[in-house]
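Subject: Handing over the structure

Hi,

Here is the structure I promised to pass on to you. Have a look around first, and then read my notes below.

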Amino acid sequence: MSRPGEGWPARLHVVTGKGGTGKTTVAAALALGLAAGGRRTLVVEVEGRQGLAPLFGVGPLPYEERRVAAVPGGGEVRALAVDPEEALLEYLDLFYKLGMAGRALRKFGAIDFATTIAPGLRDVLLTGKVKESTTRTEAGRRVYDAVVLDAPPTGRIGRFLNVTAETARLARLGPIKTQSEGVAAFLRSPMTAVHVVTLLEEMPVQETADAFAELTALGITTGKLIVNAVQPPLLTSGRLTQAELRRGLAAAGLATDRETVAGLHTEARAYLTRRAVEDGLRADLLALDRPLVELPYLPGGVTLGWCRPTRPPRWTSTRSWPTPAYASWCAAAPAAWARRPPRPRSGSGRPRSTAGVPSS
Amino acid sequence: MKDTTATNGGDLHAMMLDMKRTFDEVVLTHTDPRRAEEIFANPFYQAMSSTFSGTQEYMAMEKLGQLRARDEWDLIVVDTPPSRSALDFLDAPARLGRFLDGRMLRLFLAPARAGGKSVFSMVTASFGMFSRVLAKVIGGQLLSDLSGFVAALDSMFGGFRERAEQTYRILQAPETAFLVVAVPEPDAIREAGYFAGRLARERMPLHGLILNRVHAVAAPGLSAQESLAAAEVLAAAGDRTTADALRVHAALMRQVARETAVAAEFTREHPGVPVAPVPAQPADVHDLDGLREIGTGLAS
């Protein structure tokens, strides 16, 4: 990356993907990457999952923008977990100067109303809050250089992002219409880009294609296609036979018993089958004709989520960050971000049959 | 569960929830045709029944209640949405109840009961400030659409709640079994742990964790470390095939070790929950034969 954020012109990066593809991790890494060069970024989660906190090694995030990481060069990442109820009260306070009257809404069951009879209102509030954070200024300067949203999964992303357009249509007049139209227009402007994270697996790739089609139809700007956990290509040439493997094992001074040779052969063939499927899926992704970013598979797994903070979170200082495993992945990420996508090959359809294992 | 093959007389049907159609059906069943037309024409109903998220949970509860009431199936398998929203439907009865018992509903019903006069003419003084706020925030037109919608559905809300509560109780009954599916990766297992905790709190019967795509090693005699060391030597000597095969093996060994550790962590935190593994297939499953293979393995 010659310049921080180059190739990522949007100010709001919406990161979606099928559940389990690593979209939260990618969102966190992107916020870190875009904070390079002394920039300040915000990463936002909206589903109450508290998925960001363990990645940054901090305790549960409140409804408040907190610094979660310092980036060499003076940059920093802040994180925010948007709570719809708090967002509603804040929204009312901000636009209508309600003060205590806003609190009375809770007493009257307005919050339950919002989630029961008007469930879409929740998404209006969440997207509204994201827009507010992205466009906020202090002393004539934008508070955040970039905002990254860990968005709902691909199955719900169209509905989530389109809810304001829907609401604006529903309310023909009045402040809700104005607000909703503002958010709907913002999400359709060049300031916003929706990136989709996928794995080289059939269902996530299918959902990725569906999501791009849905978002395009809604007039929402789509950004990059991020392929996560890409394995290095092995066994790309040579003949894979048991005899060949036995010779190799003997040359390396390893056991050459039948179980070992046959076992190694079975594993290698399964690997090739898997890779043939992945190549077909990659061709499907290239056919979507979107800028493609590949992130390497991390042999140790992104295990940060698994580590619990060893001491209570202290918000006043940033814990030692990043941890080694995450650092190696994050170090790989910016390089991959900048990599140009390979050109789509013509006539490369997906192999439907899984029986044919390339043997040469 | 042995009878899952096509040859011995069992059959399997599948359906997908159509949120709008289910909602329309409920309206038709519980109101007269004239009222139903009125509801269908309401812009708020149109948006809510087709576009807004959240409605789906209620309709899922409705449909599940209907399917069970028909007593037509030996077994009903529900595929829930992924991640956190999977359990949103558990909250549906309580949320509906809070809303029905709250003052908000009466507020919306007031104008309709007052004969459709100005929106808040009949509300009591205590609503004064609140109603002004509401009118200011959401605007008069949307408020009257909303009010019309709530008034038209008024007679149905009680039924909604009753049926949702009934379905909720069935979900707690011994005839129900919850199965949580997760791949042996830290994030997925963390989510599975959340599900397990939540189901326990709701007193819903969690029958087990299905550990999906568990990898296995075919050449356990070779350690990851010696494989990688040998791969270096062989690659330098020009034998790339064996070197790569050993690298594939080493990666697999490490993956298996990691998966084992992750599964052990789940069992440590949820000792009472049985775990059933499903072996990883090299290619994705997308036909009945593939499904049978997994089903047979699971049910054995």
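Which residue of β8(A) does A:V14 stand opposite? A:V14 faces A:V194. I'll come back to that pair in a moment.

A bit of housekeeping before that. This is a predicted model, where local features need pLDDT of at least 70 and side-chain atom pairs count only at pLDDT 80 or more, while totals for chains, interfaces and linings use all residues. Residues are numbered from 1 along each chain as its sequence is written, chains are lettered from A and ligands numbered from 1 in the order in which they are written, and side-chain values use heavy atoms, with hydrogens and water left out.

Chain A as a whole

Chain A has 12 helices and 10 strands; helices (H or I, at least four residues) and strands (E, at least two) are DSSP runs, numbered from the N terminus. Of its 360 residues, 51% are buried, where buried means under 20% relative accessible area, exposed means over 50%, and partly exposed is in between (1.4 Å probe, protein chains only). Among contacts (heavy atoms within 4.5 Å) in chain A with a separation of 6 or more, 75% are between residues 24 or more positions apart.

Now for β8(A), which covers residues 192-198. Seven of its seven residues are buried, so the strand is largely enclosed by the rest of the structure. You can see this on both faces: A:T192, A:V194, A:V196 and A:T198 are buried on one side, and A:A193, A:H195 and A:V197 on the other.

Two strands count as paired if DSSP finds at least two bridges between them. Strand β1 (residues 12-17) of chain A runs parallel to β8(A), and six bridges join them; this is where A:V14 and A:V194 stand opposite each other. β8(A) also pairs with β9(A) (residues 222-230), again in the parallel sense, over four bridges. There, A:V196 stands opposite A:L225.

How do you get from β8(A) to β9(A), and with which handedness? Helix α9 (residues 202-217) of chain A makes a right-handed β-α-β unit with the two strands. Right-handed means that, with the strands pointing away from the viewer, the path from the first strand over the helix to the second runs clockwise.

Salt bridges

Side chains of opposite charge can pair when their charged atoms come close. The rule here is a side-chain nitrogen of Lys or Arg within 4 Å of a carboxyl oxygen of Asp or Glu, and it gives 27 salt bridges over all chains.

- A:K129 and A:E132, with their closest N and O atoms 3.0 Å apart. Both lie in helix α6 (residues 120-135) of chain A, three residues apart, about one turn of the helix. A:K129 is buried at 7% relative accessibility, while A:E132 is partly exposed at 23%.
- B:E38 and B:R35, at 3.8 Å from N to O. They sit three residues apart in helix α2 (residues 33-41) of chain B. B:E38 is partly exposed at 40%, and so is B:R35 at 28%.
- B:R292 and B:D289, at 3.4 Å from N to O. Being three residues apart in helix α12 (residues 288-299) of chain B, they are separated by about one helical turn. B:R292 is partly exposed at 26%, whereas B:D289 is exposed at 55%.

Salt bridges can also share partners: A:R40, A:R67, A:E76 and A:R78 are joined into one network that way.

Happy exploring!
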